[in-house]
Amino acid sequence: EYEFTLVGDANEVVGKISTGEIDVAAVPTNLAATLYGKTEGGVQLAALNTLGVLYLLSSGDDINTVEDLRGKTIYATGQGSVPEYALNYILSSNGLEPGKDVTVEYKTEHSELATLAISGEAPLCMLPEPFVTQVTAKNPDLHVVLDLTEEWDRVVDGKSVLTMGGLIVRKEFAENNKEAFDKFLEEYEDSVAYTNTQLEDAAELSEKFDIMPADVAQKAIPNCNIVFLSGDEMKAKVGDFFDVLFQANPKSVGGEIPGDDFYYQK
């Protein structure tokens with residue numbers, strides 16, 4: 001039996017996992033690396049669950065390339081997390097200095113920015129799925145102008161994959177409950193497969209648990225890049241991603257790239 005809690009801000013997880021109030025959490029991948037450093041290796045990455053899901057939405061038709069963002073103001077979420085570092089890297093790699101050539105105004109939660117976008121108060125914004133589908137359904141003036149996963153792939157030239165989120169576990173908990181945690185990972189992997197293949201049923205669960213309406217979820221899930229990657233495949237993908245982030249801004253991964261003991265192995 002599992003007890004789940006949903007939070008609006010990933011930073012709420014930091015204190016709770018550090019104190020042992022929670023044992024497992026789904027967080028941005030760079031937060032996983034930061035927590036590994038803060039807890040002196042007390043947190044491990046058990047699986048990747050989300051790849052690139054960031055999109056730039058606009059109500060205009062004047063943005064076709066990253067260069068077209070020069071002089072613009074982007075509303076976004078995820079400050080201090082993967083979205084901010086990915087956006088900054090893409091902008092910088094295209095010759096644009098964040099804060100100088102492009103202004104980025106950050107909001108705390110996706111739902112807050114989604115509300116502003118729907119009302120027309122954020123005419124140029126960066127959001128992840130499934131909020132993209134939710135927003136464009138309610139405000140037809142907004143449409144996707146840039147897929148940031150494609151832009152990331154373009155600037156890194158195959159060096160890494162945009163890995164947005166992962167599943168972390170307290171190392172002590174995993175060691176003391178290895179059989180149970182391995183069983184949890186099997187069930188988590190089954191849940192990912194279920195969500196990606198049983199769209200209608202998964203969408204109904206989304207509505208039941210107040211995540212988002214079933215009709216929106218059914219359209220959004222195929223674009224959410226929900227995955228389950230563990231073991232060596234996980235290590236290779238996120239390791240390359242951390243290398244790119246570290247070279248751009250060491251702070252993005254907590255000042256140093258995690259060691260091999262960061263990666264949980266079944």
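This is a predicted model: local features need pLDDT of at least 70, side-chain atom pairs count only at pLDDT 80 or more; totals for chains, interfaces and linings use all residues.
Residues are numbered from 1 along each chain as its sequence is written, and side-chain values use heavy atoms, with hydrogens and water left out.

Now for the rings. A search of the whole structure turns up 12 aromatic pairs. To count, rings of Phe, Tyr and Trp (its six-membered ring) need centres within 6.5 Å; planes under 30 degrees apart are stacked, over 60 edge-to-face, and the rest tilted. Here are two of these pairs:

| Pair | Centre to centre | Angle between planes | Type |
|---|---|---|---|
| Y2 and F184 | 5.1 Å | 75 degrees | edge-to-face |
| F181 and Y264 | 5.1 Å | 80 degrees | edge-to-face |

What does the pair of Y2 and F184 tie together? Y2 sits in the segment before α1 (11-19) and F184 in helix α8, so the pair links parts that are 182 residues apart in sequence. Helices (H or I, at least four residues) and strands (E, at least two) are DSSP runs, numbered from the N terminus. Y2 is partly exposed at 42%, while F184 is buried at 10%.

F181 also lies in helix α8, and Y264 is in the segment after α11 (231-248), so this pair joins parts 83 residues apart in sequence. Y264 is buried too, with a relative accessible area of 5%. Y2, F4, F181, F184, Y188, F228 and Y264 make up one aromatic cluster.

Next, the sheet. Four strands form an open sheet in the order β1-β8-β2-β9, with antiparallel pairing; two strands pair if DSSP finds at least two bridges between them. β1 (24-28) and β9 (226-229) are at the edges with a single partner strand each, so one side of each has no neighbour in the sheet. β2 (residues 43-51) pairs with β9 over two bridges, and L48 stands opposite L229 in β9.

Helix α8 (residues 178-197) packs on this sheet, touching β1, β2, β8 and β9, and its direction makes about 150 degrees with that of β9. Contact means heavy atoms within 4.5 Å; axes are lines fitted to C-alpha atoms, for helices over the stretch in contact, and angles run from 0 to 180 degrees between N-to-C directions.

Key:
Buried means under 20% relative accessible area, exposed over 50%, partly exposed in between (1.4 Å probe, protein chains only).
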